[in-house]
Amino acid sequence: MKGFVMKSPHRFFARLSNLAAGRRADQRLREEMEEHLAQQTADNLRAGMSTAEARREAVLKFGAFQAIREEYHDELSLPFIETLLQDLRYALRQLAAAPGFASIAILTIALGIGATTAIYSVVDATLLHPLPYPEPEQLVRIQEDFPGVGAHDVRLSVPEWKDFQSSGIFQYVAPERSGSVNVTGSSQPARIQFKSVAPNYFTLLGVKAELGRVFHPDDPTPGFNLEAVISDGLWKRAFGADPHILGRTLRLDSDVYFVVGVMPPDFHDQGRTTEIRNTEIWAACGFSSPLLPPRTRSSRALRTAIARLKPGVTLEAAQSRLDALVASLQKQFPADYPPESAWRVHLVPLGETVVGKVRQPLLLMLGAVGLVLLIGCVNVANLLLARATARGREMAVRQALGAPRLQLIRQLLTESVLLSMLGGMAGLAILFFTRKLLLEIIPATLPRLHEISINWTVLLFALGVSVLAGALFGLAPALQAARIDPIHVLRQEGRGSKGSRGQTLTLSALVVTEFALSLVLLIAAGLLLRSFWDLYNVRLGFDPENVMAMSLWLPAPNDPATDIYGPPDQEARLIREILRRGRSLPGVTEIAVGTQESIPLNHDKNLVSFVLEESSTRSDLPHQVQWANVTPEYFHLLGMPLLRGRLFTEFDVENAPRAAVVNEAFARTWWPNEDPLGKRVKLSQLGRADTSWTTVVGVVTDARTETLEDTDSPQIYLSSWQRTDKNLAIFLRGRLDPAALPEQARNMVQSLNPELPVFGAKRLPDVVSGSLAQRRFSMEMVLLFGLTALLLAGIGVYGTISYIVSGRTRDIGIRIALGAQRKTILHMVLSQGLTLALAGAAVGLVGALIVSHLMAGLLYGVSPSDPLTFISLTVVLVIVALAACYIPARRAMRVDPTVALREA
Amino acid sequence: MPEKSDVLQGTLALMVLKTLDLLGPLHGYGIARRIEQISGDLLAVNQGTLYPLLLKLEHEGAIASDWGASENNRRARFYRLTRAGRKQLQTETRDWEQTAAIIARFFDVKGQDLS
């Protein structure tokens, strides 16, 4: 039969509202019953019964009042919630009765959950959320490789772009080039991060302008269409949020652009570096203007390109169609794509470009903090277990009085989950109030930093972790307590021995777990620390001390004819003048000029293609090498000694044969066992092949100017007197005043031309340590977590051994009374702790080996199974364990047998 | 008791709705007496079980209640059928009649009818 349950939602809410309103009194029932009985009694009287009989009959007919009342009451509210509230009230009273225990437990959990949630909020923003553009799964970056000649992530050519665009795989393909421009017109020429993009760039990303419009995606202008879109930040900063900004002109370098749009405040560009992601001006470019490099396949002028897949095309399908396209292009243009070069085009999810580098360190941190939380849970479980013993009598009595075991377990679990929720709330509160501070600890280079927030997902995560943690650390003690045999406990009460064998075993297992987990963390931290230390102390190959570098940008008008620094001798004249005047700046003893790429550890990849003169099988393929233009002073200033040959001289000028200085790695790679001096290469920059040969005139030592990790990346230096470049860097060495020098240097340069911006002054030692910032951050975090874990494990073993010792006081007393040496007692207790520590270490070592191999990519110069780290940290762990055991062991040793036996 | 009350509760609820449908607003005692008169001993004992049921029906929205004055001028709670309750009664009546008919036919069938 269907019954009347179909209206249950209505019923549920009615009951819930009763519950909320606290309508628990059964006054209505009582009143109705009274009325019912009165009427029945009256009827009975009318039927001829005596007064007493009538009343009695009425009551009998009504039925058992208690049972009816219970049924009524159950209907009135929700029994499940009712019980829960009752359990909660009881749990709160229990916690309030043990404030010391409660505060320690809550604090442990608060720190664990607070830290875990903090790291999670970073992971949530960077790794879990898709990029903040519509249909982000369709967005890819196009990456070209020539693995056959060891060239990876090379530029694209314009014909390739057109091929991809018309392949039918993508909705849009947009090349982009990042750089910076001089924005003039304000009081001080400003240097702004700039991107030239295909006109379809914003349409591809799926973003609209907040004010005005973005570029028209089908704009056919071959070169720059002189339209500019600016960021919300620039609009507010440089234009005072002028509502009439649209149509205003903006001088970028020496060209005039019209502002057509302002992006919304929450728009952040995509890209591999923080600078690119902070782009503030975009200009549309067709990349096909006659003023730009020629449009051949071998002229790879487009630094990088992003694309949006057609709807419904998966990444795999797109990649396989692209592979087919690549294969057919290889057949069609064998000269441009010789088979030995093994040309490949990869589609990389755009999100990977942005956060790919931080994925591993972030996951490592999340894992580390999760382990700390787990260890915290184990500690609280230990505390609860010890308390459960103290409450053994309570449990036994309640059980003897008929409380079902399930109810006891439920009660204890409610208590632990409550504890954990309180801890979680406290943790969230701590996180909330320290969030500004915490955000400052994170290196500014972390992608999507501005997206980190304490949002619903994060709160939900904290809630879930709290409940899980509570259940986790509450389960063992709850089961333990429910297993109590009431008769046994009640009979034993008052005797010395507390705690069953099972309890000791559970405690020991928990401590072993703790040790294992902390050892894993410690070893991970140790390996990271060693990697960091090795990198920190690596032989740089150059001397950054007392050196400052600053950037200088020469305007690059779209029409070369108007470029006053276009002819090499004009640029050379400016550089010579800077070198001459710069030497007289206060404190300066040496000065050099180079291109932006000559600043160690602080530049984009800047590859130049070249072919070797001597014929070998691969010589006609373009090779690629990192390149920079410098003045000859550069090498001495940075302490990079010349090994052979000579540096650039006053004679390496525009019309003289081109000279190059290479590093050892370059010579070793291309002319092993040969004299590199006098060898010739032909270079092509941005696809403009040099017609003349460049001769190697000198070899300098290798230096870690690319990355600290890389020992031998080939490098070629060209003479600033022979090749021009707009991105310049000025190097100064001496007893410099880092506060005053940038201003002095700017004045010096602007005395030559007031429109030249000098910016980005930095001390080279800062650059070196800055390149370690992210590594330092993850190392410090994991180290912090590791030390916390060690501390928690120490406290855990201390608590456990103390507990075991106190349970055995009588036993120890008897032993001493029977003549046992106090030293023997000490050894006995210590060996107990040692056993636990060693068991934990054994498990931990296995875990650490697995973890360290998983994080091998984050290590430098140290093997993932480095014996020194593994052994020394195991020893540290054992020492901490013994130290933690020593206090209870001393207590055991000092047991007074008379007292111990009398008390028992 | 619980085994019995599954069917009993269902039939009792149906009886309550039918009673209110026929007689209009009634207080608890009135409903109980009416059911007792018609069904005989179903409510001869445990009349009190009616009250939790009335509360449940009210929670479900099938009936509504208000305080009023009884015949002997005492405060009593009067129950009346709601529009939803009337609809429910119709459905339940139909269902019940169908079920009853099927069960009746089932009991009528004799051994030889099946062979």
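Reply: Contact means heavy atoms within 4.5 Å. Apart from neighbours within four places in sequence, A:Tyr798 is in contact with A:Ala884, A:Ile887, A:Pro888 and A:Arg891. This is a predicted model, where local features need pLDDT of at least 70, side-chain atom pairs count only at pLDDT 80 or more, and totals for chains, interfaces and linings use all residues. Residues are numbered from 1 along each chain as its sequence is written, chains are lettered from A and ligands numbered from 1 in the order in which they are written, and side-chain values use heavy atoms, with hydrogens and water left out.

Me: Why is A:Tyr798 called partly exposed?

Reply: Its relative accessibility is 31%. Buried means under 20% relative accessible area and exposed over 50%, with partly exposed in between (1.4 Å probe, protein chains only). A:Tyr798 therefore counts as partly exposed.

Me: What makes the pair of A:Phe224 and A:Tyr257 edge-to-face?

Reply: Rings of Phe, Tyr and Trp (its six-membered ring) pair if their centres lie within 6.5 Å; planes under 30 degrees apart count as stacked, over 60 as edge-to-face and the rest as tilted. For A:Phe224 and A:Tyr257 the centres are 6.2 Å apart and the planes at 80 degrees, so the pair is edge-to-face.

Me: Is A:Tyr257 buried or exposed?

Reply: A:Tyr257 has a relative accessible area of 2%, so it is buried. A:Phe224, at 22%, is partly exposed.

Me: Why is the pair of A:Tyr634 and A:Tyr717 called tilted?

Reply: Their ring centres are 5.9 Å apart and their planes at 45 degrees, so the pair is tilted.
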